Amino acid sequence: MNLYLGIDFGTSGARGVVIDEEASYIQAEVRYPFQDSPAALTPEIWQEALFVLVEQIPNQLRREIKAIAINGTSSTVLLVDAAGNPTDAPLLYNDARGSLVLEHLRSIVPPNHTVLSATSSLTKLLWMRQQPSFSEATYFLHQADWLAFLLHGQLGISDYHNALKLGYDVEKLKYPEWLENLQISIQLPKVLTPGTPIAELRSEIADKFGLRRDCLVCAGTTDSIAAFLASGAKLPGEAVTSLGSTLVLKLLSRTRVEDARYGIYSHRLGDLWLTGGASNTGGAVLKQFFTNAELESLSREIDGSKASDLDYYPLLKVGDRFPINDPNLPPRLSPRPDNPVEFLHGLLESIARIEARGYELLQQMGADKLSRVYTAGGGAANETWTAIRVRHLQVSVVASVYTEAAYGTALLAMAGGRRGEE
């Protein structure tokens, strides 16, 4: 029996899912919650999480794993030396220090390009280029690239989902001339189609964990695209909202939509385009004020059919990416009523409003008309929030078929494993 392992590195922890050839039954599910805040996470913790996840899978299943794929948070990046050792701390998905090089970048890249964001991979790379540690680096990698390297041992390989915000041209499948003209004195990753087999496991890794030596490691993806793959959405007009620490929208469209002014970009997905954006609002803001138990009990006291009069823009810190792309956008969390039920109602309503504004903007820019929204992430289980969102979105809102991004990544591994057999 061939099994397939998908590993998801999100903001709150890492997860693994093992599926069989039918993909209809999850053989094993493993987790590694991060104890520290995302900003305190280091590559050493990522590596520990990766290996602990693999060790948690029952021995008899490990021996049947034919292929592995990994997703990471989009635009979480790091520099490594010729041996793959990190030369400095990684820059995480929401790190906006690249805003310092944005003006310089605007003079080089086409107007309204995806990379023209304070948090894009390319702005981070240009910021890194100004740091003393840059001279020690040989490769620039995304989180998923580096984690896969730990398994297959080949440096400098990425996928076109992770590489989009580095400036890779996903239509022509090459780095554009303007990017090559930057003459960055470091190795940019070779870019593959997500799910492409890269190499077999390093023999020492296979032997250490009791995995097959012919187990393939495949090119990965980002966490939000993995959640989309897991959802069951397949038709133009179908969308997935990921209600995790942040709010991520993905709408399947026949038309490619890109506009950095609004933080809108499109990922290639076969012959279609996965258009959307990511906002810094979401579950992380809710957890600043409420425990999981409070969120559950207080939500039950809210009447989701009635609108809240509170108009917030819930953020943990200044700045958002989508549907307003403004690194200086201030959080708006007042007035705060004394009644926690009213306060939570206002937060849920406001995040739903931002979600609806995001989908409206995508359609105004030319994407297919929204027909159905699947929901992934922790917020998918909140029935009150779903009722509020239906009111704003005016379409059917359903839970994703599978809510774990790791399941979507396991589907990629399965596609890669089958391709490796051809």
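A pocket here is an open set of points, on a 1 Å grid over the protein atoms alone, where a 1.4 Å probe fits, with protein on both sides within 12 Å along at least five of seven lines; lining residues have an atom within 4 Å of a point. The model is predicted, so to read it: local features need pLDDT of at least 70, side-chain atom pairs count only at pLDDT 80 or more, and totals for chains, interfaces and linings use all residues. Numbering starts from 1 along each chain as its sequence is written, and side-chain values use heavy atoms, without hydrogens and water.

The second largest pocket is lined by 23 residues. Nearest its centre lie Leu 229, Leu 269, Leu 411, Leu 412 and Ala 415. Helix H8 (223-231), strand E14 (265-269) and helix H13 (405-421) each give two or more residues to this lining. H13 gives the most, with six. Helices (H or I, at least four residues) and strands (E, at least two) are DSSP runs, numbered from the N terminus.

Next, the helix contact. The axes of H10 (residues 292-299) and H11 (residues 340-364) come within 10 Å and cross at roughly 95 degrees. Axes are lines fitted to C-alpha atoms, for helices over the stretch in contact, with angles from 0 to 180 degrees between N-to-C directions. H10 and H11 are therefore roughly perpendicular, a label for angles of 65 to 115 degrees.

Which residues of H10 meet H11? They are Leu 295, Leu 298 and Ser 299, against Pro 340, Val 341, Leu 344 and Leu 348 in H11; contact means heavy atoms within 4.5 Å.

Definitions and conventions:
Parallel < 35°, antiparallel > 145°, perpendicular 65-115°, else oblique.
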